[in-house]
Amino acid sequence: MIQEKEISQNNVAGEGEVIIHIKDLYKRFGDNNVLNGFNLKLYKGENLVVMGKSGSGKSVMIKCLVGLMQPDSGYIAVMGEEIRLLDRTTLDILRSEIGFLFQGSALYDSMTVRENLEFPMRRHKEKLGIITDTTPLVLEALESVGLADAIDLMPEELSGGMKRRVALARTLILRPKIILYDEPTSGLDPITAKEIIELMRSIQIKYGTSSLIITHDVHV
Amino acid sequence: MNTVKQSLGGIKRFFIEIGELSYFAGRFFKEVFRPPFEFKELLRQCYHMGNRSLVLVMVTGFIIGLVLTLQSRPTLIEFGAESWMPNMVGISIVRELGPVITALVCAGRIASGIGAELGSMRVTEQIDAMEVSGTNPFKYLVVTRILAITLMLPLLVIMGDAIALYGSALVENFKGNVSFQLYNRYQVDALDYRDLVPATIKSFFFGFAIGLVGCFKGYYSKKGTAGVGLAANTAVVFTSMLLFVIDFIAVFISDIFYDL
């Protein structure tokens with residue numbers, strides 16, 4: 001079963017604005033009940049870790065949260081908007097407030113680091129205002145993860161830890177209010193994993209984001 | 001009994017796949033006319049598929065022209081019909097061999113490439129990342145690729161045909177002492193719009209089939225990295241089969257108009 005571990009210092013559960021609310025979430029694949037009445041509340045400014053063994057439905061839950069998967073039943077609301085009721089345009093606008101760090105980084109192979117970071121800006125120009133030059137924004141996001149020098153490299157030229165950092169920079173480019181981390185330290189050596197955890201903390205302090213972290217790593 | 005069950009299961013899966021492919025094609029037609037339009041990506045894909053397939057198509061076309069002429073020559077000489085060589089080669093290449101062989105070459109190169117690329121993007125969650133970032137991945141990845149190969153294949157076919165006709169002329173120039181210009185004039189004179197128009201129209205359909213199947217197999221790739229290989233492989237097999245079916249239908253229809 002999935003367990004929740006509240007690690008925020010900013011909020012005490014039960015107080016403040018609920019930014020993510022999941023109630024009675026069910027999802028099954030054939031005979032396999034992956035999510036069986038899952039409940040969760042994430043408060044503004046909070047970091048919440050959801051732990052569970054492999055195959056316990058953590059990634060399914062987080063994908064339902066951003067509309068990448070449809071649950072069988074249940075209520076999912078992000079910033080007061082019920083995900084299942086939103087049309088594509090409204091969902092895309094809401095998604096610009098959510099950063100998603102994928103398990104394998106999910107950088108676009110055919111694009112440079114700069115293009116990877118510029119990609120989410122294509123559809124959210126209204127949010128960012130009139131931008132004639134995207135370089136300062138890209139550089140700022142890369143500086144936040146300590147990789148400003150990698151701006152013109154291709155993903156294949158980066159190590160696993162660097163890819164994870166660039167992916168983290170990509171989630172920051174639209175200034176999201178919430179960041180979802182799907183196994184942020186999986187596949188990394190302990191030292192790099194520790195660096196990523198520290199980076200996640202520093203980002204939370206710098207940008208004031210709320211975070212939902214899916215992991216099976218007890219060190220997170 | 002088991003064999004019968006397996007066969008029925010295979011037939012059922014085949015029809016399910018045809019249904020899913022039709023739905024995928026329907027989604028393409030729904031998305032292609034709906035903004036935002038991804039012109040930049042479309043141009044990039046046109047360059048990628050057209051320009052980078054050009055050498056392969058030209059080499060294949062040239063060899064087909066050479067081989068067809070070399071193989072047909074002795075038989076035509078035996079029947080005293082050597083003078084029909086430019087007509088026979090020209091019509092065979094423009095009507096049938098050029099479009100089909102160019103499409104098969106492109107199926108091998110492009111359908112497998114699309115299948116592997118999209119399959120790899122699917123298993124590494126790049127497609128999900130695109131979706132989360134507010135870009136419609138179907139429009140950005142699928143619509144642009146299908147449109148690009150649909151537009152590029154007829155141009156590749158025309159280029160392949162032209163090179164094949166030159167290859168044929170080269171053989172006759174060496175072996176039959178016919179001038180290059182005269183042989184080419186006979187080839188061009190033998191062709192009319194009833195040869196060119198159906199061949200060009202069916203090239204659009206061939207291109208569409210290559211893009212559609214390649215994207216379909218890659219976009220719904222499963223089973224991790226093994227699924228990527230499977231997507232590339234089945235994309236080529238399925239496309240090749242589909243090309244022959246389309247060719248049969250195209251020949252059948254054009255034959256009706258030819259008789260009018």
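One definition before the details: two strands count as paired if DSSP finds at least two bridges between them. Please keep in mind that this is a predicted model.

Start with chain A. In E3(A), the residue standing opposite Lys27(A) is Leu35(A). The strands involved are E2 of chain A, residues 18-29, and E3(A); they run antiparallel and are joined by 9 bridges.

That pair belongs to an open sheet of 4 strands in chain A, with the order E3-E2-E5-E6 and antiparallel pairing. Strand E3, residues 32-43, and strand E6, residues 81-82, each have a single partner strand, so one side of each is left without a neighbour in the sheet.

What lies across E2, E3 and E5 of chain A? Helix H1, residues 58-65, does, and it runs at about 120° to E2(A).

Now chain B. Its secondary structure comes to 8 helices and 0 strands, and along the sequence the pattern reads α-α-α-α-α-α-α-α. The C-alpha trace of chain B spans about 65 × 55 × 40 Å along its principal axes. Of the 260 residues in chain B, 42% are buried. Among contacts in chain B with a separation of 6 or more, 87% come from residues 24 or more positions apart.

Last, the interface. How many residues of chain B are in contact with chain A? There are 10, and they touch 15 residues of chain A. On the chain B side, those residues divide into 5 polar, 3 charged and 2 nonpolar.

That's the walk-through.

Key:
Residues numbered from 1 in each chain as written. Chains lettered and ligands numbered in written order. Predicted model: local features only at pLDDT ≥ 70, side-chain atom pairs only at ≥ 80, totals over all residues. Helix = DSSP H or I, 4+ residues; strand = E, 2+ residues; numbered from the N terminus. Contact = placed C-beta atoms within 7 Å. Axes fitted to C-alpha atoms, helices over the stretch in contact; angles between N-to-C directions. Nonpolar A, V, L, I, M, F, W, Y, C, P; charged D, E, K, R; others polar. Buried ≥ 20, exposed ≤ 12 C-beta atoms within 10 Å, placed from the backbone.
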